[in-house]
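Subject: Structure handover

Hello,

Please find the structure below, handed over for your own work. My notes come after it.

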Amino acid sequence: MKKILVNSDNPSILIVYLSRTQNTKAVADMIQQSIGGDKVALELVTPYPEHYQTMVEQVRKENQTNALPQLKTRI
């Protein structure tokens, strides 16, 4: 399990994101530049499939069953 140590000039802000295509990472970067704080990228034990439609179907099933993927990242 990957452990992240949080140590910031503003310990009250933690930006946590999951980004398959790096678009969400770009937004997290902009937020961090604007307000500061620490930024943590979540990593999954089993990453989502690369094929877009397969990934969408998996997420749809997770949403229907309120399932959450297991995280590799610990904060």
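The notes below go from the whole chain to single residues. Please keep in mind that this is a predicted model.

Overall

The protein has 75 residues, and 20% of them count as buried. Its secondary structure consists of two helices and four strands, arranged from the N terminus as β-β-α-β-α-β. Among contacts with a separation of 6 or more, 66% are between residues 24 or more positions apart. The accessible surface of the protein is about 5700 Å², of which carbon and sulfur atoms supply 53%.

S19 counts as buried because its relative accessible area is 16%, under the 20% cut-off. Its side chain is close to two backbone nitrogens: a polar atom of the S19 side chain lies 2.9 Å from the backbone nitrogen of Q22, and the side chain of S19 reaches the backbone nitrogen of N23 at 3.4 Å. Leaving aside residues up to four places away in sequence, S19 touches T24 and K25.

Q22 is in the loop between strand 2 and helix 1 as well. Q22 is not a glycine, yet its phi is positive, near 75°. With a relative accessible area of 44%, Q22 is partly exposed.

Helix 1

Helix 1 runs over residues 23-35. It has 13 residues and spans 19 Å from its first C-alpha to its last, close to the 18 Å expected at 1.5 Å a residue. After helix 1 comes G36, with a positive phi near 85°.

What nonpolar patch is there on the surface? The patch is formed by V27, M30, I31 and I35, which together have about 340 Å² of accessible area. One of these residues, I31, lies in helix 1 and is partly exposed, at a relative accessible area of 36%.

Helix 2 covers residues 52-65 and strand 4 covers 73-74; N66 is in the loop between them. N66 has a positive phi of about 55° although it is not a glycine. N66 counts as exposed because its relative accessibility is 71%, over the 50% cut-off.

If you go through the backbone angles, the residues to look up are Q22, G36 and N66.

Regards

Note on methods:
Residues are numbered from 1 along each chain as its sequence is written. This is a predicted model: local features need pLDDT of at least 70, side-chain atom pairs count only at pLDDT 80 or more; totals for chains, interfaces and linings use all residues. Side-chain values use heavy atoms; hydrogens and water are left out. Patches are made of residues with over 30% relative accessible area and no salt bridge: like charges are joined within 9 Å, nonpolar side chains (Val, Leu, Ile, Met, Phe, Trp, Tyr) within 5 Å. Accessible areas come from the Shrake-Rupley method with a 1.4 Å probe; for residues, only the protein chains shown count as cover. A salt bridge is a side-chain nitrogen of Lys or Arg within 4 Å of a carboxyl oxygen of Asp or Glu. Buried means under 20% relative accessible area, exposed over 50%, partly exposed in between (1.4 Å probe, protein chains only). Contact means heavy atoms within 4.5 Å. A polar contact is a pair of N or O atoms within 3.5 Å; within protein, one must be able to donate a hydrogen and the other to accept it, and residues adjacent in sequence count only if both atoms are side-chain atoms. The expected span of a helix is 1.5 Å times one less than its number of residues.
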